[in-house]
Amino acid sequence: MITREEILEIGQFNKTHGVKGEISATIDCASDDFTRFSCVVSEIDGIFVPFFVSGMRPKSADTVLLTVDGFDTDVQAKALVNKTIYVLKKEYAAVSADEDCDEMPIDYFIGFEARDTDGAVLGEIVDVDDSTENVLFVIENAQGDEFSVPAVDEFIADIREDENVVVLDLPIGILDI
């Protein structure tokens, strides 16, 4: 079973296109990169379900038309309309590494453990709040309490992808706010 911690949002299914099951989608990655993912994932009835894209063609600068295995009519494709498109984090990381990209979408870090520079565990990054001008990591500590810290380069001391750890160098007192 695919869990929320294993996936990364990269777009959204829009509306059906034609009657043969094609669906338009807005994606936040290059279409060349998109074709390298083994599957896309969407939430259906509370479960993350993989879908296999068998065809893709560009529609505009950030919109593509997708053909998904098993969806042969517009009626079937309507099940995906307005659903979020996710990919597996591990595949996204591999594609980004191949492209020599050093910048991950901030949602990539959901599920990572947050530590301070002394190695003390602050908690798990459970969400990213981008509703304000400053994007925030939402961190849940061992007691179940949540707190937020700015997800800015100045505070991120190290990222250990192989350990799923983000090391934060936070100003004194920021956790007391």
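Buried residues make up 37% of this protein, which has 177 residues. Keep in mind that we are looking at a predicted model. So much for burial; now the overall build.

The protein has 13 strands and three helices. Along the principal axes, the C-alpha atoms fill a box of roughly 60 × 35 × 30 Å. The accessible surface comes to about 10,200 Å². Carbon and sulfur atoms account for 46% of that surface.

Next, charge. How many positive and how many negative side chains are there? The protein has 12 positive ones and 39 negative ones. The centres of the two sets lie 13 Å apart.

Now the aromatic rings. A search of the whole structure turns up seven aromatic pairs. Let's take one of them, Phe-109 with Phe-112. Why is this pair edge-to-face? The ring centres are 5.3 Å apart and the planes meet at 80°, so the pair is edge-to-face. The cut-offs matter here: centres must lie within 6.5 Å, and planes must be over 60 degrees apart. In general, you describe a ring pair by two things, the distance of the centres and the angle of the planes.

Are Phe-109 and Phe-112 buried or exposed? Both are buried. They also belong to a cluster. Ring pairs link Phe-109 and Phe-112 with Tyr-108 and Phe-137. Tyr-108 has a charged neighbour as well: Lys-89 lies over the face of its ring, at 5.7 Å from the ring centre.

On to single residues. Met-1 sits in the segment before β1, and β1 covers 7-17. Why does Met-1 count as exposed? Its relative accessible area is 88%, so Met-1 passes the cut-off, which is over 50%. Now look across to Val-49. Met-1 and Val-49 are 48 residues apart in sequence. In space, their C-alpha atoms are 8.4 Å apart.

Asp-45 is not a glycine, although its phi is positive, at about 50°. You will find Asp-45 in the loop between β3 (40-44) and β4 (47-51). Asp-45 is exposed, with a relative accessible area of 75%.

Then Asn-82. Here phi is near 65°, again a positive value in a residue other than glycine. Where is Asn-82? Asn-82 lies in the loop between α2 (74-77) and β7 (84-88). Asn-82 is exposed too, at a relative accessible area of 55%.

Ala-94 lies in α3, which runs over residues 89-98. Its relative accessibility is 41%, so Ala-94 counts as partly exposed. Its C-alpha is 9.7 Å from that of Phe-37. Along the sequence, Ala-94 and Phe-37 are 57 residues apart.

Last stop, a strand. Val-121 is in β9, residues 121-129. Is Val-121 buried or exposed? At 51% relative accessibility, Val-121 counts as exposed. Which residues does Val-121 touch, not counting residues up to four places away in sequence? Val-121 touches Glu-113, Ala-114 and Arg-115. Ile-27 is another matter. Val-121 and Ile-27 are 94 residues apart in sequence, and their C-alpha atoms are 34 Å apart in space.

To recap the ring part: seven aromatic pairs, with a cluster of Tyr-108, Phe-109, Phe-112 and Phe-137. And for the backbone: positive phi at Asp-45 and at Asn-82. Thanks, everyone.

Methods:
Residues are numbered from 1 along each chain as its sequence is written. This is a predicted model: local features need pLDDT of at least 70, side-chain atom pairs count only at pLDDT 80 or more; totals for chains, interfaces and linings use all residues. Side-chain values use heavy atoms; hydrogens and water are left out. Rings of Phe, Tyr and Trp (its six-membered ring) pair if their centres lie within 6.5 Å; planes under 30 degrees apart count as stacked, over 60 as edge-to-face and the rest as tilted. Buried means under 20% relative accessible area, exposed over 50%, partly exposed in between (1.4 Å probe, protein chains only). A charge sits over a ring if NZ of Lys or CZ of Arg is within 6 Å of the ring centre and within 35 degrees of the ring normal. Helices (H or I, at least four residues) and strands (E, at least two) are DSSP runs, numbered from the N terminus. Accessible areas come from the Shrake-Rupley method with a 1.4 Å probe; for residues, only the protein chains shown count as cover. Lys and Arg count as positive and Asp and Glu as negative; His and the chain ends are not counted. The place of a charge is taken as NZ of Lys, CZ of Arg, CG of Asp or CD of Glu. Contact means heavy atoms within 4.5 Å.
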